[in-house]
Amino acid sequence: MSLAFGALLPWLSGPREFAALRRAERLSLPALQRLQAERLARLLLQARDDVPYYREILPDADTIAADPVASLLSLPILDKDTIRREGARLRSQRPRPGLRRNTSGGSTGEPATFYQDTAYRRWGRATKALFDAWTGYRPGQHKAVLWAASRDLSAGGGARRLAERLKNRTLLNAYRMDPATLDAHLEALRAAPPAQLQIYAESGHELARHALHRGIRVQGIGSVLSSAGTLFPDMRETIERAFEAPVFNRYGSREVGDMACECERHRGLHVNPLTQYLEILDDQGRPVPPGTPGRVVVTSLTNHSMPLLRYAIGDLASWAGEPCDCGREWPLLEGVWGRVTDHIRGANGAVVFGGWLRQLLYPEDWIGQYQWVQHAEDHIRLRLVPVDSATDSTRERALHRRLEPVIREHLGAQTQLDIDRVDTIPPSPSGKHLHVVSELSENRP
């Protein structure tokens with residue numbers, strides 16, 4: 001029964017939307033740009049008519065119709081502080097079916113509140129079905145999900161568990177990552193290998209490292225879909241080695257849904273042009289060239305209940321310099337490099353990304369979990385959990401001697417480095433195990 005029910009999901013979720021996405025895969029770039037501009041024009045005209053905040057700042061209807069992209073780019077960038085301040089003035093005054101409240105994950109500060117309707121969710125489910133198809137997953141096949149913060153796992157109680165069984169899905173708690181729980185997760189995957197394993201990037205990496213450390217082979221998984229965190233190259237290699245399956249990187253958020261995903265060629269992440277208009281900007285708000293990381297600013301084309309126009313989502317990404325050879329002419333991201341807060345700003349003015357900090361620990365196979373925390377521009381702390389709790393403390397002292405000159409060379413001669421051994425590193429409120437946390441207020445979105 002689960003297989004038959006699951007096979008119907010794309011159609012129950014939005015047959016017109018899913019079919020539109022499939023057609024869009026075959027469109028040329030000019031045709032995609034025309035279609036996207038039409039969808040953007042409808043959104044802007046509706047926002048001008050129905051949303052008090054945008055009624056005051058959008059140009060007139062004729063200007064929007066003549067050049068919707070220029071009209072969008074004339075708007076100020078929307079941030080979470082503005083959303084909290086303006087509140088109801090950002091919501092449409094025209095009631096729409098199925099309106100629900102949602103919040104951002106809150107990993108980098110106070111969550112913001114959003115409202116989304118049935119039409120938005122139908123496009124979101126169709127996008128998930130399409131991205132799943134790119135990984136080789138087919139509706140109704142068994143899926144395991146190492147995901148969900150505690151609030152997601154507890155939502156709905158027995159009804160939620162019944163729904164997961166009907167969808168042929170197994171939920172694995174990403175909030176708890178102690179050795180006993182990791183062992184149980186691996187046993188569940190070995191007992192019933194899923195066609196797709198969906199993971200938080202960091203949690204999936206921890207599970208993969210645990211499998212390799214214990215010498216546990218997990219065979220039969222069709223593919224791994226990573227999201228909700230930065231998938232660095234070493235993480236991908238570890239996950240592929242542990243689960244003997246190809247890894248696909250997906251990019252999305254609670255605020256605007258899934259934005260982009262890798263296809264079968266793994267040349268970058270294709271941005272869905274029917275649901276998102278994406279910009280990548282420097283600190284002065286100017287578009288960055290391909291290959292240069294910048295701040296992601298997104299316009300959701302499907303949320304007419306609370307339009308998010310030029311929303312600074314708090315992530316860093318870069319455009320690819322070359323198109324993917326899969327034939328899809330969708331905009332292509334080279335990579336997503338993490339949250340704005342996933343980098344460290346030194347007292348000497350230097351900025352280093354989380355990937356560099358990760359590389360510093362490559363030789364240290366005795367370290368299990370870890371987290372870099374920047375307290376001030378001249379103070380950084382490494383919190384770590386050894387793989388073996390009996391590991392001698394001389395390891396930390398040797399690590400400090402090795403890291404301190406490197407840290408000072410890159411971040412400033414007066415930078416203080418502390419290394420603390422801890423029993424556990426709790427996840428963020430959204431259930432993610434963050435490798436880098438900056439407490440500098442200027443880094444917060």
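Which residues in α12 meet which residues in α13? In this predicted model, local features need pLDDT of at least 70 and side-chain atom pairs count only at pLDDT 80 or more, whereas totals for chains, interfaces and linings use all residues. Residues are numbered from 1 along each chain as its sequence is written, and side-chain values use heavy atoms, with hydrogens and water left out.

On the α12 side, Pro179, Leu182, Asp183, His185, Leu186 and Leu189 meet Leu207, His210, Ala211 and Arg214 of α13 (contact: heavy atoms within 4.5 Å). Six residues of this contact are nonpolar, two are polar and two are charged (nonpolar: Ala, Val, Leu, Ile, Met, Phe, Trp, Tyr, Cys and Pro; charged: Asp, Glu, Lys and Arg; polar: the others, Gly among them). Helix α12 spans residues 179–191 and helix α13 residues 201–214; their axes lie 10 Å apart at an angle of about 85°. Helices (H or I, at least four residues) and strands (E, at least two) are DSSP runs, numbered from the N terminus. Axes are lines fitted to C-alpha atoms, for helices over the stretch in contact, and angles run from 0 to 180 degrees between N-to-C directions. The helices α12 and α13 are therefore roughly perpendicular to each other (65 to 115 degrees).

An open sheet of four strands has the order β18-β17-β16-β19, with mixed pairing (two strands pair if DSSP finds at least two bridges between them). Because β18 and β19 (436–438) each have a single partner strand, they stand at the edges and one side of each is left without a neighbour in the sheet. Direction ignored, neighbouring strands of this sheet are turned by 15° against each other on average.

Strand β17 (residues 379–386) has seven of its eight residues buried (under 20% relative accessible area, 1.4 Å probe, protein chains only). Eight bridges pair β17 with β16 (residues 367–376) in the antiparallel sense, and a hairpin of two residues joins β16 to β17. Ala376 has His379 in β17 as its bridge partner. The pairing of β17 with β18 (residues 416–421) is parallel and comprises six bridges. In β18, Gln416 is the bridge partner of His379, and Asp420 that of Arg383. Helix α16 packs on the sheet, where it touches β16, β17 and β18, and its direction makes about 155° with that of β18. Together, β17, α16 (residues 394–411) and β18 make a right-handed β-α-β unit (with the strands pointing away from the viewer, the path from the first strand over the helix to the second runs clockwise).

Methods
Buried means under 20% relative accessible area, exposed over 50%, partly exposed in between (1.4 Å probe, protein chains only). Angles under 35 degrees count as roughly parallel, over 145 as roughly antiparallel, 65 to 115 as roughly perpendicular and the rest as oblique.
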